[in-house]
Amino acid sequence: MKKNLRRASVYLLAGSMALSSCVVSKKKYEDLLARKNALEVDKAGLEQEKATLEQQKQSLEAAKAQLEQERAQLEQLKNEYQESLAKALKEGKTLGENLNMSKSQIDRLNADLKAREQRLAELQRVLDEKEKAVANLRKRVTDALLGFNDKDLTINVRNGKVYVSLAEQLLFNSGSTKVDPKGVDALKKLAVVLKEQKDVNVLVEGHTDDVPVAKGTVGMQDNWDLSVLRATEITRILTDAGVDPTRVTPSGRSKYVPLDETKTKEARQKNRRTEIILTPKLDELFQILETT
């Protein structure tokens, strides 16, 4: 009897030790699994940050290319003026030496050349002011919308214009034309800046993906309607917040200007957006070009 009890005790102790070993192994597994999940979350965040930085890099490179193109055009115009001046002076000297040009004609030619140089200097001044105005506008808009997620809102400069791109998830539910409260907040903050920037025209462009609107949707036949109605709704919010309606133009681009032409879920989400394009008025620049 005692021998049986001793044997049972040995078996019970061995079973207890095996159970304890299983518990320890399970805890280590759970710790490792938690660490793995945390690392995957960190990896996803770093990849998203990398994509955002690459997009910002591309935008800056495009803006730099545009400025370099404008400077090249200005330099070409300057060279043409200088060649014209040298040619005219040479002709004037030759004609003067041959007594075929009167002093009054030479004076008129010199006055004309001086006027052209003044217009060139004025053109350079206006171009510099335009660059400063665009940079200042981008900073003002960026400061006003600083608290919003980069996934929902991006601000870039392209072709001398400021592009404010608002993702669908910030503004609308799927297929809806009613702006969400968070989107209304962003648009009102943008409107504060635009009210102060009176020499800026505003173009509101609605963009959709390539998925057709649901059949029977009231007031909409296709993605053209959806993109235009969303742009119009955003225009109302901006103008109701005090932006001059004569400066704002709503438009819809439907599915035809995608950022990503692949058919993935991520690409379609990226393409569903609204772009608010801010363009400083260039009346003074156009007047100079016309006289030139």
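Me: Before we start, what counts as buried, exposed or partly exposed here?
Reply: Buried means under 20% relative accessible area, exposed means over 50%, and partly exposed lies in between (1.4 Å probe, protein chains only). This is a predicted model, in which local features need pLDDT of at least 70 and side-chain atom pairs count only at pLDDT 80 or more, while totals for chains, interfaces and linings use all residues. Residues are numbered from 1 along each chain as its sequence is written, and side-chain values use heavy atoms, with hydrogens and water left out.

Me: Is S254 buried or exposed?
Reply: S254 is buried, at 3% relative accessibility. Although S254 is not a glycine, its phi is positive, about 55°.

Me: And where does S254 sit?
Reply: S254 is in the loop between β4 (248-252) and α6 (265-271); helices (H or I, at least four residues) and strands (E, at least two) are DSSP runs, numbered from the N terminus.

Me: What about N159, buried or partly exposed?
Reply: N159 is partly exposed, with a relative accessible area of 48%. This residue lies in the loop between β1 and β2, and its phi, near 55°, is positive in a residue other than glycine.

Me: Changing topic, how many residues has the largest nonpolar core?
Reply: It has 32 residues, where such a core is a set of buried Ala, Val, Leu, Ile, Met, Phe, Trp, Tyr and Cys residues joined through side-chain atoms within 4.5 Å. Those with the most contacts inside it include L187, L238 and I276.

Me: Which residues does L238 contact?
Reply: Leaving aside neighbours within four places in sequence, L238 is in contact (heavy atoms within 4.5 Å) with L187, A191, V202, V204, V243 and I276.
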